[in-house]
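Welcome, and please open the model in your viewer. We will begin with the whole chain and then select a few residues one after another.

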Amino acid sequence: MDKINKLFKELWNEYTKVNPQTQEILDLFKEKEQSEIHNDHIALRTIKSDLIGIDQVAETFINLGYEKKDFYTFDQKKLDAYYYAHPNKEYPKVFISEIRPEDLSDFAQEQINNILSYINENTNLLTSGTNWPKSYEVYNKLYKESEYLAWFYAYGFIPNHFTVSVNKLKTFKNLNEVNEWLESKGFVLNNSGGKIKGSPEEYLEQSSTMASKKEVQFNEGKYLIPSCYYEFALRHNGYEGFIAKSADKIFESTNE
Ligand code: NI
């Protein structure tokens, strides 16, 4: 296995530990397709800063030959994002977003500074999860202000989602068939803005599961909160980018 595939395998392992449902879904796809399932992209969340911003998170991918591509901004959610792609299109794209601390409350900024105080040169910005103490009270307060920041506070450095490339599936004609099949297996899909975000005219259609809940250890005890989700993407006309309006809704797959 080459270095890039090895990295994605490690990322998958951490991701599926947080939401084992993703492995279950992957196995069902493999069984139906009788082949490997292609990953369109992964998404990573972080905080804008010199220590752990988009550029820092992207470093491992840049070192493996990835290139920085298009910029996206999400004003309501106070997020910016870039996607990265490898010249070899067989490798998954990487979508990295960061929340802008300067647009958040003093309380949120204090929590961000606390997180940053736990970052050091040994922190793996892709798979190390959290190494800061977590309070359920703080989580809930952050959640009211920014679901995105609350999720990062609880889970830290792990992939937020992987994405099945629907283009490469042989037994499904379109994204709607994928969605109906998943629902027939009992999986709950994100319905924010409709199950399918985007359209063939926009060159990208996306859907996703709702993140299943995971018991997370906080200072006060263990609590069930939304974890990671699985996305499904169908691209048209060879389009490689993303659509801000759709991504905005996909972000909500980790809502309560
Ligand atoms: Ni995505």
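Start with everything shown: of the contacts in the protein between residues at least 6 apart in sequence, 68% join residues at least 24 apart, where contact means heavy atoms within 4.5 Å. Before you click further, note that this is a predicted model, in which local features need pLDDT of at least 70 and side-chain atom pairs count only at pLDDT 80 or more, while totals for chains, interfaces and linings use all residues. Residues are numbered from 1 along each chain as its sequence is written, and side-chain values use heavy atoms, with hydrogens and water left out.

**The whole protein**

Switch to a cartoon view and you will find eight helices and ten strands; these are DSSP runs, numbered from the N terminus, with helices (H or I) of at least four residues and strands (E) of at least two. The radius of gyration is 18 Å, close to the 18 Å that the globule rule gives for 256 residues, so the protein is as compact as a globular protein of that length. That radius is taken over C-alpha atoms, and the rule is 2.2 Å times the number of residues to the power 0.38. Along the principal axes, the C-alpha trace spans about 50 × 40 × 35 Å.

Now colour by burial: buried residues make up 55% of the 256 residues. Here buried means under 20% relative accessible area, exposed over 50%, and partly exposed in between, with a 1.4 Å probe and protein chains only.

**The nickel ion**

Next, select the nickel ion. Which residues coordinate the nickel ion? They are His41 (NE2), His161 (NE2) and Glu231 (OE), at 2.0 to 2.1 Å. Donors are N, O and S atoms within 2.8 Å of the metal (3.2 Å for Na, K and Ca), and water is not among the atoms, so sites may look incomplete. Along the chain, the donors follow the spacing H-x119-H-x69-E. Two of them, His41 in strand E1 (residues 39-47) and Glu231 in strand E10 (residues 229-235), link distant parts of the chain, 190 residues apart. His41 is buried, with a relative accessible area of 1%, and Glu231 is buried too, with a relative accessible area of 1%.

Move to Lys32, which lies in helix H2 and counts as partly exposed at 33% relative accessibility. Show its surroundings: leaving out residues up to four places away in sequence, Lys32 touches Thr171, Phe172 and Trp181.

Then select Gln34, in the loop between helix H2 (21-33) and E1. Is Gln34 buried or exposed? At 67% relative accessibility, it counts as exposed. Its phi is near 55°, a positive value in a residue other than glycine. Most residues other than glycine have a negative phi.

**Two last stops**

Tyr203 has a positive phi as well, about 70°, although it is not a glycine. Look for Tyr203 in the loop between strand E6 (197-199) and strand E7 (204-208), where it counts as partly exposed at 37% relative accessibility.

Finish at Glu252, in the segment after helix H8 (244-250). At 19% relative accessibility, Glu252 counts as buried. Setting aside neighbours within four places in sequence, Glu252 is in contact with Lys77, Asn190, Ser192 and Met210.
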